[in-house]
Amino acid sequence: NGGLASSHFSLVLNRISDGRIMEVAAVGSVNGMDDTQDGVTPREDADRTTFEAAIQQFAQSKGKVGDSGRYATDSKRLLERFEEFAADRGVEDIESISSRLLEGYAQHLDRRVQTREQQGKPHGISGATAHQYLARVRAWLEYLVKRDLLSENPAKSHRVEDELPDESLGTTDNGQQFWSPATRKQIVRWTDWYFDAALDDEQAWVTPADAARERALIATVAYSGARGAELFRDLDNDRRNGLRWRDVDLDAGTLSVLGKSQEIEEAPLLDAGRTRLADHYRRQNPKDEDWPVWVTRHPPSLYAGARMLDGVNEDDDRLTPDTVLDVYREHGGTPPALSIGGGRRILREHSDASGLVGSDGEHLKLHGARRGLGDELYTHDAEAAQEALRHQSIETTHKSYRDRDGERVRERAQEILNGE
């Protein structure tokens, strides 16, 4: 199929997945600029610019916009909180702001959104607010670049954007994404083609084992109703260290996950997910049942873990992407699992390459798979949806899907009347 081949080619050329192609951002010292002269000349021994001075300049410039100073005041308050965040991590001047710091800030915002998801209002913030906060910091940094106080804007890194939560999280409107039954089937079929292409082409950028890994990831997300935090590693929660093979029963088609209740729960894995996960298991050939179902492909994380193993030298020549897992096998170690952010990136790459989107017209998102599966089950059997999604009460299920069920009732009623 020419369209699929073209999309696959695009995916191969454009993907930056799970740290396998690393962007290294080095922010060196930046010369200050004397803007009192016609030409901009560097000051060789300029003092490093403080957060306070940079924030004050930005706020003053935005105070001229004519909105009664609200934008400037809100920006100053937000940037002062960002300053505190940076100071807690040893960053005290703007020249030291890096993409790594901004990734940490995005993760911090994500944690606040997850608090809203788990505890409801007024706790935490919404996903949309998290995006607004980062956008305000990005605008400030862009201002500093234009003033020649920074050489580049570290907030523009795609890795920073990838750490943000989905904008729909933490909201109470009906704009939440759902995967339709057709979309669910199509994205899994896409990954089947992706896997077949890797098998057929020995020169393919992706290996069959990696293609099987990504196919199993998407099929499991699509056909289990499990949350992203139940499948992938949460960098800020030691209990959520990623699904392990000991948690998977391929014969029974179940996953043992740490649920929202903070207790171990059994999530169903339907056949379309189970068969593809079984193929991934055979190809991964894990050393033992403690291995993550999805091992990270982030080289620094893998190397750091390997160097902590007994008998591994700092300069071991096997610390390469192709051989680092051999080090774990030989020395009895367990590699780190794929993070939630890594799972999101893989899903987004395949969504973009296949051209498939969710009900909101956005790229496919982890939570959209769970809601889509629940929605389809609810149309047939509300209790089946409750059990699959592991809601504590049927009222929770009704609350989640009653509005959409009302739409379907209206459509059916309209069809009946139209047929009179």
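I take a polar contact to be a pair of N or O atoms within 3.5 Å; within protein, one must be able to donate a hydrogen and the other to accept it, and residues adjacent in sequence count only if both atoms are side-chain atoms. The model I examined is predicted, so local features need pLDDT of at least 70 and side-chain atom pairs count only at pLDDT 80 or more, while totals for chains, interfaces and linings use all residues. Residues are numbered from 1 along each chain as its sequence is written, and side-chain values use heavy atoms, with hydrogens and water left out.

**Entry on helix 5**

I looked up Thr 129 and found that its side chain makes a polar contact of 3.0 Å with the side chain of Ser 126. Thr 129 belongs to helix 5, residues 127-146 (helices are DSSP runs of H or I with at least four residues, and strands are runs of E with at least two, numbered from the N terminus). Val 137 is in helix 5 as well. I noted a relative accessible area of 0% for Val 137, which is therefore buried (buried means under 20% relative accessible area, exposed over 50%, partly exposed in between, with a 1.4 Å probe and protein chains only). The C-alpha atoms of Val 137 and Phe 82 lie 8.0 Å apart, although 55 residues separate the two in sequence.

**Entry on salt bridges**

I searched the whole structure and recorded 25 salt bridges (a side-chain nitrogen of Lys or Arg within 4 Å of a carboxyl oxygen of Asp or Glu). Lys 156 and Glu 142 form a salt bridge at 3.3 Å, N to O. Of this pair, Lys 156 sits in the loop between helix 5 and helix 6, and Glu 142 in helix 5. Lys 156 is exposed because its relative accessibility is 55%, whereas Glu 142, at 21%, is partly exposed.

I next examined Glu 376 and Arg 184, whose closest N and O atoms are 2.6 Å apart in a salt bridge. This pair joins helix 14 to helix 7 across 192 residues. Glu 376 is partly exposed at 27%, and Arg 184 is buried at 3%.

**Entry on Arg 215**

I located Arg 215 in helix 8, residues 208-224. Its relative accessibility is 10%, so Arg 215 counts as buried. The side chain of Arg 215 meets that of Asp 279 in a salt bridge of 3.1 Å, N to O. Asp 279 is in helix 10, 64 residues from Arg 215, and is buried at 12%. A polar contact of 3.1 Å also joins the side chains of Arg 215 and Asp 192. I noted that a network of salt bridges links Asp 192, Arg 215, Arg 276, Asp 279, Arg 282 and Arg 283.
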